[in-house]
Amino acid sequence: YIGESTASHRKTVAYARVSTRSQKDDLKNQIHFIQAYANGKGVILDEIIEDFGSGLNYKRKKWLDLLEAVDRNEVGTIYVTYKDRFIRFGYEYFEHFCQNHQTQLIALNDKESSPTQELVDDLASIIRDFSGRLFGLRKYASQIKADPSLKGETDESH
């Protein structure tokens, strides 16, 4: 380690994300895939980040923490299985952000799609995400129906 201090070491990170906790098996598969790739290339992973949440959610705490670490120049490489495991839309922006901080963002299964197929995949993703949100709102339907403030009633009208 001639001339290299531990302070200048930049982390190599594996990042895996699934939408819901019920997909834990897929999350483990992503991590195993990245670890196998890293082992095969002789790469040591300093950190493994497992995240839960929609790829459309730009407020995922672990993801934001990772971006802040990139911004502080603490991360040298980020491995993900697919681009959409990192972020659903705007991957190129975040890839550019990482490049500006000398961080490599590597999607291991970077499939090449036609522009038409990418658009279809993106639209299907949006539909899945928002239909899941609507389904989640159903549990509040009875509360919403019973809420007098939503019916235009006030405390004075009782």
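Guide: Helices (H or I, at least four residues) and strands (E, at least two) are DSSP runs numbered from the N terminus. The model is predicted: local features need pLDDT of at least 70, and side-chain atom pairs count only at pLDDT 80 or more, whereas totals for chains, interfaces and linings use all residues. Residues are numbered from 1 along each chain as its sequence is written, and side-chain values use heavy atoms, with hydrogens and water left out.

Visitor: Which are the buried residues of H1?

Guide: The general idea is that an α-helix has 3.6 residues a turn, so residues three or four places apart point the same way. In H1, the buried residues are Leu27, Gln30, Ile31, Ile34 and Ala38. They lie on the same side of H1 because they cover an arc of only 95 degrees around the axis, the arc being that of the directions from the helix axis to the C-beta atoms. These buried residues pack against S1, S2, S3 and H3, where contact means heavy atoms within 4.5 Å.

Visitor: How many residues does H1 have, and what span does it reach?

Guide: H1 covers residues 24-41, which is 18 residues, and reaches 26 Å from its first C-alpha to its last, close to the 26 Å expected at 1.5 Å a residue. The expected span is 1.5 Å times one less than the number of residues. Gly42 follows H1 with a positive phi, near 75 degrees.

Visitor: Which residues of H2 are buried?

Guide: Helix H2 (residues 61-71) buries Trp63, Leu66, Leu67, Ala69 and Val70. Their arc of only 155 degrees around the axis puts them on the same side of H2. Their packing partners are strand S1 (11-18), strand S2 (47-52), strand S3 (75-80), helix H3 (83-86) and helix H4 (91-100).

Visitor: What is to be noted about the phi of Asn73?

Guide: Most residues other than glycine have a negative phi, and most peptide bonds are trans. Asn73 is not a glycine, yet its phi is positive, about 60 degrees. Asn73 sits in the loop between H2 and S3 and counts as partly exposed, at 38% relative accessibility. Gln102 also has a positive phi, near 55 degrees, in a residue other than glycine. Gln102 belongs to the loop between H4 and S4 and counts as exposed at 56% relative accessibility.

Visitor: Which residues have the most contacts inside the largest nonpolar core?

Guide: In soluble globular proteins, nonpolar side chains tend to be buried together. A nonpolar core is a set of buried Ala, Val, Leu, Ile, Met, Phe, Trp, Tyr and Cys residues joined through side-chain atoms within 4.5 Å. The largest one has 19 residues, and Tyr15, Trp63, Leu66, Val75, Ile78 and Phe86 have the most contacts inside it. S1, H2, S3, H4 and strand S4 (104-107) are the elements that give two or more residues to this core, and H2 gives the most, with five. Apart from this core lies another, of five residues, among them Val18, Leu27, Ile31 and Phe52.

Visitor: How many aromatic pairs are found in the whole structure?

Guide: There are nine aromatic pairs. Rings of Phe, Tyr and Trp (its six-membered ring) pair if their centres lie within 6.5 Å; planes under 30 degrees apart count as stacked, over 60 as edge-to-face and the rest as tilted. Phe86 and Tyr91 form an edge-to-face pair, 6.4 Å centre to centre with 85 degrees between the planes, and both residues are buried. Tyr93 and Phe94 are also edge-to-face, at 5.0 Å and 85 degrees. Tyr93 counts as exposed at 53% relative accessibility, whereas Phe94 counts as buried at 9%. One aromatic cluster is formed by Tyr15, Tyr58, Trp63, Phe86, Tyr91, Tyr93 and Phe94.

Conventions: Buried means under 20% relative accessible area, exposed over 50%, partly exposed in between (1.4 Å probe, protein chains only).
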